[in-house]
Amino acid sequence: MLLVHPGGPFWAKKDDGAWSIPKGLLDEGEDALTAAKREFEEETGLRPNGAFIDLGVFKQLSGKDISAFAIEGAFDLESFRSNNFAMEWPPRSGRMAEFPEADRAGWFGPQQALEKIIKGQRPIVQALLERLGLAPR
């Protein structure tokens with residue numbers, strides 16, 4: 001399973017429980033699959049193509065909903081690149097700094113993906129494992 005590690009100073013020294021599926025917000029009038037494809041490309045540098053598996057909608061601890069999709073494919077980690085975001089850094093300094101939305105990507109097996117992904121997204125991994133017939137019984 002391909003996951004991305006969030007960029008920026010808050011996540012810099014976090015690993016287990018910090019990784020995520022590539023995700024983002026829907027633009028006005030945009031459907032969930034179109035947004036998922038756009039966000040994947042923005043956070044990884046790869047335009048996804050193929051047959052998508054709709055995994056469903058998952059409520060996060062923040063109250064936001066994530067519509068999740070999966071696709072089978074190859075991704076060369078050497079080609080990874082992410083867009084940037086700006087934030088005030090250091091806090092209350094008045095200076096803006098740019099950071100990548102995702103600072104790295106990685107391939108993980110089922111158990112390791114469950115350890116690496118943030119807690120609120122574990123049900124997404126579990127849903128994919130169930131769809132693939134890989135969920136523990």
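**Exercise 1.** Is Lys-116 buried or exposed?

*Solution.* This is a predicted model, so every value here is computed from it.
Step 1. Take the relative accessibility of Lys-116, which is 10%.
Step 2. Compare it with the cut-off: buried means under 20%.
Step 3. Lys-116 therefore counts as buried.

**Exercise 2.** Find the salt-bridge partner of Lys-116 in Asp-16's part of the chain, and say what the pair ties together.

*Solution.* Step 1. The side chains of Lys-116 and Asp-16 meet in a salt bridge, with 3.0 Å from N to O.
Step 1. Lys-116 lies in helix 2, residues 110-116. Asp-16 lies in the loop between strand 1 (2-6) and helix 1.
Step 2. The pair thus ties together parts that are 100 residues apart in sequence.
Step 3. Check the surroundings of the partner. Asp-16 has 54% relative accessibility, so Asp-16 counts as exposed.

**Exercise 3.** Which residues are linked with Lys-116 in a network of salt bridges?

*Solution.* Step 1. The network links Asp-15, Asp-16, Asp-103, Arg-104 and Lys-116.
Step 1. One of its pairs is Asp-103 with Arg-104, whose side chains meet at 3.3 Å, N to O.
Step 2. Both of these residues are partly exposed: Asp-103 has 30% relative accessibility, and Arg-104 has 33%.
Step 3. Now take the whole structure. It holds 10 salt bridges. Among them is the pair of Asp-65 and Lys-59, at 3.2 Å, N to O. Asp-65 is partly exposed at 48%, while Lys-59 is exposed at 58%.

**Exercise 4.** Where is Thr-44 found, and what is it in contact with?

*Solution.* Step 1. Thr-44 is found in helix 1, residues 32-44.
Step 1. Its relative accessible area is 0%, so Thr-44 is buried.
Step 2. Leave aside the neighbours within four places in sequence. Thr-44 is then in contact with Val-4, Pro-22, Phe-75, Ser-79, Phe-80 and Arg-81.
Step 3. Follow the side chain of Thr-44: it reaches the backbone nitrogen of Leu-46 at 3.2 Å.

**Exercise 5.** What does the side chain of Asp-31 reach?

*Solution.* Step 1. Asp-31 is found in the loop between strand 1 and helix 1. At 42% relative accessibility, Asp-31 counts as partly exposed.
Step 1. The side chain of Asp-31 reaches the backbone nitrogen of Leu-33 at 3.1 Å.
Step 2. A polar contact of 2.7 Å also joins the side chains of Asp-31 and Thr-34.
Step 3. Look further along the chain. Asp-31 and Ser-67 are 36 residues apart in sequence, and their C-alpha atoms are 10.0 Å apart in space.

**Exercise 6.** How many residues line the second largest pocket?

*Solution.* Step 1. The lining has 21 residues. Those nearest the centre of the pocket are Pro-6, Gly-7, Trp-11, Lys-23 and Glu-101.
Step 1. Sort the lining by type: 11 residues are nonpolar, five polar and five charged.
Step 2. Find the elements behind it. Strand 1, helix 1 and strand 4 (84-88) each supply at least two residues.
Step 3. The space in this pocket is about 370 Å³.

**Exercise 7.** Which residues of helix 3 are buried?

*Solution.* Step 1. Helix 3 spans residues 122-131, and Ile-124, Val-125, Ala-127, Leu-128 and Leu-129 are buried there.
Step 1. The buried residues of helix 3 pack against strand 2 (52-59), strand 3 (65-71) and helix 2.
Step 2. Just after helix 3, Gly-133 takes a positive phi of about 70°.

Note on methods:
Residues are numbered from 1 along each chain as its sequence is written. This is a predicted model: local features need pLDDT of at least 70, side-chain atom pairs count only at pLDDT 80 or more; totals for chains, interfaces and linings use all residues. Side-chain values use heavy atoms; hydrogens and water are left out. Helices (H or I, at least four residues) and strands (E, at least two) are DSSP runs, numbered from the N terminus. Buried means under 20% relative accessible area, exposed over 50%, partly exposed in between (1.4 Å probe, protein chains only). A polar contact is a pair of N or O atoms within 3.5 Å; within protein, one must be able to donate a hydrogen and the other to accept it, and residues adjacent in sequence count only if both atoms are side-chain atoms. Contact means heavy atoms within 4.5 Å. A salt bridge is a side-chain nitrogen of Lys or Arg within 4 Å of a carboxyl oxygen of Asp or Glu. On a 1 Å grid over the protein atoms alone, a cavity is a set of points where a 1.4 Å probe fits but cannot get out, and a pocket is an open set with protein on both sides within 12 Å along at least five of seven lines; lining residues have an atom within 4 Å of a point. Grid points are joined across faces, edges and corners, and a volume is the space filled by probe spheres set on the points. Ala, Val, Leu, Ile, Met, Phe, Trp, Tyr, Cys and Pro count as nonpolar, Asp, Glu, Lys and Arg as charged, and the others, Gly among them, as polar.
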